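My plan is to look up a few things and jot down what turns up.

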Amino acid sequence: MELLDHGLMAVGRKLSVAAPKKYPDELRQRAVRLYRESDPKPVIRRLAEQLGVHHEALRNWIRQAEADERHDRPTSEMAEENRRLRREVAELRRANGILKAASAYFAAELDPTRRRS
């Protein structure tokens, strides 16, 4: 998958449009910073209401920011790379299965003494 101009992504032979972000990155960063710098920690639901964002979105941003700082959990970039690699592995396995089946078929055609499965 490669990122093209205007947010289009090439996935295999298909083009898909990347979903627009509902909240700007600046708002995400500000919200996480406000949560972290507050003492005592605010209730996430109330802080989210004050910022005009969904409370689960704020909760996810906070979790992801904590995960990005920890070294025992994958960062968002690593998680995206893992998803990309899993898709690529699945595609390669499908292609490999097709090639194996074609190879067996043509081998049977060339050698009439072999039985077809």
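**Entry 1: a loop and its proline**

I began with Pro40, which sits in the loop between H1 and H2. Helices here are DSSP runs of H or I with at least four residues, strands are runs of E with at least two, and both are numbered from the N terminus. The peptide bond joining Asp39 and Pro40 is cis, with omega at about 5 degrees.

A note on the source: this is a predicted model, where local features need pLDDT of at least 70, side-chain atom pairs count only at pLDDT 80 or more, and totals for chains, interfaces and linings use all residues. Residues are numbered from 1 along each chain as its sequence is written, and side-chain values use heavy atoms, with hydrogens and water left out.

**Entry 2: the whole chain**

I listed four helices and three strands. Reading from the N terminus, I get β-β-β-α-α-α-α. The chain has 117 residues, and 17% of them are buried (under 20% relative accessible area; over 50% is exposed and in between is partly exposed, with a 1.4 Å probe and protein chains only). I noted an accessible surface of about 10000 Å², with 53% of it belonging to carbon and sulfur atoms (Shrake-Rupley method, 1.4 Å probe). Of the contacts with a separation of 6 or more, 28% are between residues 24 or more positions apart; a contact means heavy atoms within 4.5 Å.

**Entry 3: H1 against H3**

How do H1 and H3 pack? I found helix H1 (residues 25-37) and helix H3 (residues 55-69) at an angle of about 80 degrees, their axes 10 Å apart. The axes are lines fitted to C-alpha atoms over the stretch in contact, and angles run from 0 to 180 degrees between N-to-C directions. H1 and H3 are therefore roughly perpendicular to each other, a label for angles of 65 to 115 degrees. From H1, the contact uses Arg28, Ala31, Val32, Tyr35 and Arg36, and from H3 it uses Leu58, Trp61, Ile62, Ala65, Glu66 and Glu69. I sorted these contact residues into seven nonpolar, no polar and four charged.

**Entry 4: along H3**

The 15 residues of H3 should span 21 Å at 1.5 Å a residue, and the end C-alpha atoms are 22 Å apart, which agrees. The expected span is 1.5 Å times one less than the number of residues.

Which residues of H3 are buried? I wrote down His55, Ala57, Leu58, Trp61, Ile62, Ala65 and Ala67. Their cover includes H1 and helix H2 (44-51).

I then picked two of these. His55 has a relative accessible area of 16%, and it touches Ile44, Arg45 and Ala48, leaving aside residues up to four places away in sequence. Ala57 is also buried, with a relative accessible area of 16%. Its C-alpha atom is 9.9 Å from that of Lys22, 35 residues away along the chain.

Terms used: Parallel < 35°, antiparallel > 145°, perpendicular 65-115°, else oblique. Nonpolar A, V, L, I, M, F, W, Y, C, P; charged D, E, K, R; others polar.
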